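This report looks at helix packing and nonpolar cores in one model. The sequence and structure come first.

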Amino acid sequence: MRRHGTMTREEACDMLWSLYLISGAPMYEAPDYDSVQPWPYENERDNDIAAKSRVISALSIMDTKQMSRNLGIHEQRLKHLHAAYAAAIIKRLKSLHLPDFGKKETALKDAIIRSHPANPDGNVIGSDVKDYEWTHKWNNLVTFSSRNSMYHSYVSKIMEKRFIPMLVKYFPDQAGEVVKYIRKAGYGDGEVLDLIDRTAGYNSKTAYLYQGKSGEEHRKKFHQKIRNSCLDVSRNANK
């Protein structure tokens, strides 16, 4: 995508099919922290999540005007296709994230620790088969927790920041289309403006997304929150 020159139609088709296949590819099966068998994707950790993220990054920098000419299709159809790809990926990762897992993680770790067949010399890891089985359970739990955090961090720190500006660029002054794809990505109506705030923000390009009563109320609350934060900083500085 970064090379100089114009893509051929065949190259453009290959790229879109590749992105489609990566978007729809299944995720690694989650580590089973009740199992004494090692997780089969232990050495790959987050490759599946990273691949999905790279699809959205690729879509966000693609020249849809040039691509539409290469493919001989209307640019608007291509934009809707890209938005659908990105929304499906984000929805998938959001559905896998367990926001409350941390509350029970400590108890799960404690249970695994208590189940360890302690060696006479006090070593946590020994040469006994049961030690290796215990280690696999522990590693599976740690990996499960790590991947659960990655689902959220990849979405919030990378994918959302590519997705929303892409929608704003694709659908200027078409708030309905932007909101439609945000909903397709798994966000509720009450989350839409908060999502826009933390990604694209309120500016001349996004003002149309804040139209209407709900948008006006949201802006007032947002500005009040900023004012309150500034007052808190000022009070703390004067103490």
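The model is predicted: local features need pLDDT of at least 70 and side-chain atom pairs count only at pLDDT 80 or more, while totals for chains, interfaces and linings use all residues. Residues are numbered from 1 along each chain as its sequence is written, and side-chain values use heavy atoms, without hydrogens and water.

Helices are DSSP runs of H or I with at least four residues, numbered from the N terminus. H4 has 22 residues, which at 1.5 Å a residue should span 32 Å, and its end C-alpha atoms are 32 Å apart, in agreement; the expected span is 1.5 Å times one less than the number of residues. Buried residues (under 20% relative accessible area, 1.4 Å probe, protein chains only) of H4 include Glu 75, Ala 83, Ala 87 and Leu 93.

H4 packs against H7 at an angle of about 35°, with the axes 8 Å apart. Axes are lines fitted to C-alpha atoms over the stretch in contact, and angles run from 0 to 180 degrees between N-to-C directions. Contact means heavy atoms within 4.5 Å.

| Helix | Residues in the contact |
|---|---|
| H4 (residues 75-96) | His 80, Ala 83, Ala 84, Ala 87, Lys 91 |
| H7 (residues 175-184) | Glu 177, Lys 180, Tyr 181, Lys 184 |

A nonpolar core is a set of buried Ala, Val, Leu, Ile, Met, Phe, Trp, Tyr and Cys residues joined through side-chain atoms within 4.5 Å. The largest has 48 residues, and Phe 163, Leu 167 and Ile 182 have the most contacts inside it. H6 gives the largest share, 11 residues.

Terms used:
Helices (H or I, at least four residues) and strands (E, at least two) are DSSP runs, numbered from the N terminus. Buried means under 20% relative accessible area, exposed over 50%, partly exposed in between (1.4 Å probe, protein chains only).
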